[in-house]
Each structure stands twice: as C-alpha cells, then as structure tokens.
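Morning, everyone. Let me put the model on the screen, and then we'll walk through a few spots.

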Amino acid sequence: MSENEMEIAKKNFWPDAKNYKFNDEGYKEAIKMAVGDLMVRTLKRKSGKTNNLLIDLCSEGESFLEHLKKWFKEDITSLDKQSLKNKFDNMHKIICKNVLNILQKYYTNSDGTDVCYGKAQKIVNMTFKYLYCIPGTNKKEDYFTYCHVALDTFTLEWLYRKCKTTKRTIIRDNLVPWSNITNKECKKNGKEIYSYEKLQEIFRELVTDPKTDLNLTPFQTEFYIWPQMRLTLACEHLYSLQSKENLSEFRNKSLNEKISELRNCIDSIKFEDTNCFI
C-alpha cells in the first residue's frame, strides 16, 4: 500500500477531518465522534446522573483528553520497537480503565449489568482512528505505530475468517460480541473466552505475517478491513434473501465476485411495475 492510498482511505473514513488541526479542538472532536460510534443510547443511564459523559472524558486532571495530550508530547525518539510497543500498550490500558470507570459511573447495559471493557476500547481506539485522519499527523506517525484495532462486529468477523485461511486456530464459540469483551481471559459456560489483549495479539500476528506483504500496521489495515467486511456481509445478506442453496459457496467468493453475482441476480428479478406500495 502506498502512502497516497493510505491518505485516500483516511479521507474516505472521515472527510471532515480537513476542518480540524492536531490541537485541543481536534482531540475533543475525535473523542466526540468516537462516543457517537459507541451509541450510548443503547445503554441504560443510571438514575441521578445528570452530567455529560463527554464533559468527563474531556475534563482537566486524569481525563481521557489529558492522557491523549500527554501521550503525543512524550519523547519516544530513543525507544526501540519493543519498548515503544510496551509503552503504548501500558498507556492504552490505563486510558481504557479510565474510560471504563467513567462509562460505569453513568451507564449500565440495557439489562442492568456492568458495562464491559469492550465498550471502553471502542471509544479509545476510534478516537485514535479519527485523530489519525487529521491533516499533519504524518509528523506524529511513530505515535500511531502500535495503535490497536477497534474491535467491533466487522473487524471480529474479518479476524475469524482470516484465521480460517491460515494455520491459526480460532474458535467461534470462544468469541463474544465486541461489547462484552473483557481485558482478561475468562470462562463462560465452561469455555475460554478470548480477551481483548489476546484478540489484539492475533490481529498483529495476522497483519504482520511476511506472506501478506501489506507494509501496514494492524491499525492502518483496519481502514481497509472495516468497509470491505461491512460490504461483504451486506452482499451475503442480500444474496441469502433470494437464494440459500449456494450461500456457503457464495461466501467463499471474493468481494468483487460477490458484487458481480449480485448484479446478475438483481437484473434477473421480475416484479410488478407499480409505485402503489413502495
């Protein structure tokens, strides 16, 4: 992948990033966008909590915003790759716990259970993704080298399918929805559930495999994985509505082949030409 292709992917992801700079305003907008992606409306707000989640994330002191500003001011010029990775991972863990504490302060899941680490990582990782799109981040490239992949439905589905094409073993039943992911491995119904750290480790192994020759970090690949996986699942769902007979065969086709076959299917559909109902 060329540098220009990466810039195009970033612009496609967040076209309005050009309106911001790598400063407090840019940080706050990135956090705001990430909180929007979490869709807190799907959570249950605790009674008596009237303050704003975004205000707490961007307040003074040990807030998410302050941790971000501190990270990008760190002197990392003398660090080797492993030291830089360790430093980022440690910082990321502290930030996620901070964000999780704030989330749990205001919300529970809709069923009243505690909000999990999976929701905190979504805010943190999406914030870094939005920040990466702001013009001028090429001067801060090293600070993004070991950023994590934002785990959600599409990235986890990609991980599962990619593992199936390699010698790596991943068990579908040991994957939980991204919002229920914990930061440590745990058991559920007698099964070992993959932790957040384990899933990030698998991503790094898959993307940095010499055979892929992508020359991208896991964080950068997510700019391509997410839209392609979303389109892939949409194609498969649309195909399943008109034919279930060859669905497994259809799933094994490339994305271009899926789109081509769907075009043929749509062209062959016959319906009553009327606008009375739709």
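Start with W71 and F88. Both are buried. A word of caution: this is a predicted model. Their ring centres sit 5.5 Å apart with the planes at 70°, so this pair is edge-to-face. W71 belongs to helix α4, residues 64-71, and F88 to helix α5, residues 81-106.

W71 has another partner, Y143. Here the centres are 5.7 Å apart and the planes make 85°, again edge-to-face. Y143 is buried, as is W71. Since Y143 lies in helix α7 and W71 in helix α4, the pair ties together parts 72 residues apart in sequence. How many aromatic pairs are there in total? The count is 24.

Next, H148. Where does it sit? In the loop between α7, 141-144, and α8. Buried or exposed? H148 has a relative accessible area of 8%. The cut-off for buried is under 20%, so H148 counts as buried. Look at the polar contacts. The H148 side chain meets the side chain of Y196 at 2.6 Å. With the side chain of H92, the distance is 3.5 Å. Beyond four places in sequence, the contacts of H148 include F88, D89, N125, Q200, R204 and F219. So F88, the ring partner of W71, also touches H148.

Follow the chain into α8, residues 153-164. At its start, a side-chain oxygen of D152 comes to within 3.1 Å of the backbone nitrogen of F154. Now a length check. Buried residues of α8 include F154, L156, W158, L159, Y160 and C163. Among the elements covering them are α9, 196-207, and α10, 218-242.

Cysteines, quickly. How many disulfides does the structure hold? The number is 0. Take C58: the closest cysteine sulfur, in C96, is 16 Å away, too far for a bond. C58 still counts as buried, at 17% relative accessibility. C235 is buried too, at 5%.

Last, confidence. The chain averages a pLDDT of 88, and 91% of residues score at least 70. Helix α6, residues 117-133, has the highest mean of the elements, 97. Strand β3, residues 186-188, has the lowest, 71. Where pLDDT is low, the predicted coordinates should not be read in detail.

Methods: Residues are numbered from 1 along each chain as its sequence is written. This is a predicted model: local features need pLDDT of at least 70, side-chain atom pairs count only at pLDDT 80 or more; totals for chains, interfaces and linings use all residues. Side-chain values use heavy atoms; hydrogens and water are left out. Helices (H or I, at least four residues) and strands (E, at least two) are DSSP runs, numbered from the N terminus. The expected span of a helix is 1.5 Å times one less than its number of residues. Buried means under 20% relative accessible area, exposed over 50%, partly exposed in between (1.4 Å probe, protein chains only). Contact means heavy atoms within 4.5 Å. A polar contact is a pair of N or O atoms within 3.5 Å; within protein, one must be able to donate a hydrogen and the other to accept it, and residues adjacent in sequence count only if both atoms are side-chain atoms. pLDDT is the predictor's confidence in each residue, from 0 to 100. A disulfide is a pair of cysteine sulfur atoms within 2.5 Å. Rings of Phe, Tyr and Trp (its six-membered ring) pair if their centres lie within 6.5 Å; planes under 30 degrees apart count as stacked, over 60 as edge-to-face and the rest as tilted.
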